[in-house]
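Please examine the sequence and the structure shown below. The paragraphs that follow lead through selected features in turn.

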Amino acid sequence: MSRLRGALGSVLDPRTLLHGLRLAHFHGYSFVRQVPLIRMGPDVSMAPNVSFRNGERISIGAGTHIGEFSLIWAGNETGRIEIGEKCLFAPHVMVTASNYGVERGPVPIMDQPKIERDVVIGAGSWLGANVVVLAGVTIGEGAVVAAGAVVTKDVPAFSIVGGVPARVIGERPTGQEAGESRGKAQQERVG
């Protein structure tokens with residue numbers, strides 16, 4: 001009986017209802033209002049809790065998927081984010097086209113002018129969980145960014161990068177190399 005009273009008390013508490021309204025408001029301005037502003041190709045899919053800012057400066061290519069709790073934030077004035085076709089974003093990916101200034105002086109960082117630079121993510125790229133992509137970066141076509149990487153510089157096409165800051169740790173094999181590798185693995189299992 002005390003559990004029932006506790007549950008009813010929390011559901012009927014006005015603070016619970018107000019918090020629900022705050023969550024609905026956040027979803028409205030970070031998703032519902034932003035998505036219609038984004039230029040999107042066909043068959044784009046995304047989790048319902050992806051957060052966008054300045055959707056009018058974001059474009060997403062056909063067939064791309066954006067995972068849960070990802071943040072895609074274009075700049076307030078000029079910084080654009082262009083995501084190519086068939087890109088795959090794991091959960092918790094952060095892409096931003098804007099950074100704060102960091103000059104010393106009497107002006108706090110949050111009040112300094114923002115530095116906005118475009119971000120381009122090439123077609124067929126895969127960004128692992130918890131990847132951060134900073135303003136001004138171009139990720140080449142077909143690149144793979146390992147989970148947890150912080151991308152501060154351009155990434156070559158078809159490379160594999162990882163770390164903080166991200167650096168090249170390999171290259172994606174060609175179709176023939178990948179087929180040979182699979183064939184060797186199968187032979188080792190059989191033989």
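Asn-130 lies in the loop between strand 13 (126-127) and strand 14 (132-133); strands are DSSP runs of E with at least two residues, numbered from the N terminus. Asn-130 is not a glycine, yet its phi is positive, about 65°. With a relative accessible area of 45%, Asn-130 is partly exposed, a class between buried (under 20%) and exposed (over 50%), with a 1.4 Å probe and protein chains only.

This is a predicted model, in which local features need pLDDT of at least 70, side-chain atom pairs count only at pLDDT 80 or more, and totals for chains, interfaces and linings use all residues. Residues are numbered from 1 along each chain as its sequence is written, and side-chain values use heavy atoms, with hydrogens and water left out.

Lys-86, in the loop between strand 7 and strand 8 (88-89), also is a residue other than glycine with a positive phi, near 55°. Lys-86 is exposed, at a relative accessible area of 61%.

Two strands pair if DSSP finds at least two bridges between them; strand 7 (residues 81-83) and strand 12 (residues 119-121) are joined by three. Ile-81 has Val-119 as its bridge partner in strand 12.

A further loop, between strand 18 (159-162) and strand 19 (167-171), contains Pro-165. The peptide bond joining Val-164 and Pro-165 is cis, with omega about -5°.

Methods:
Helix = DSSP H or I, 4+ residues; strand = E, 2+ residues; numbered from the N terminus.
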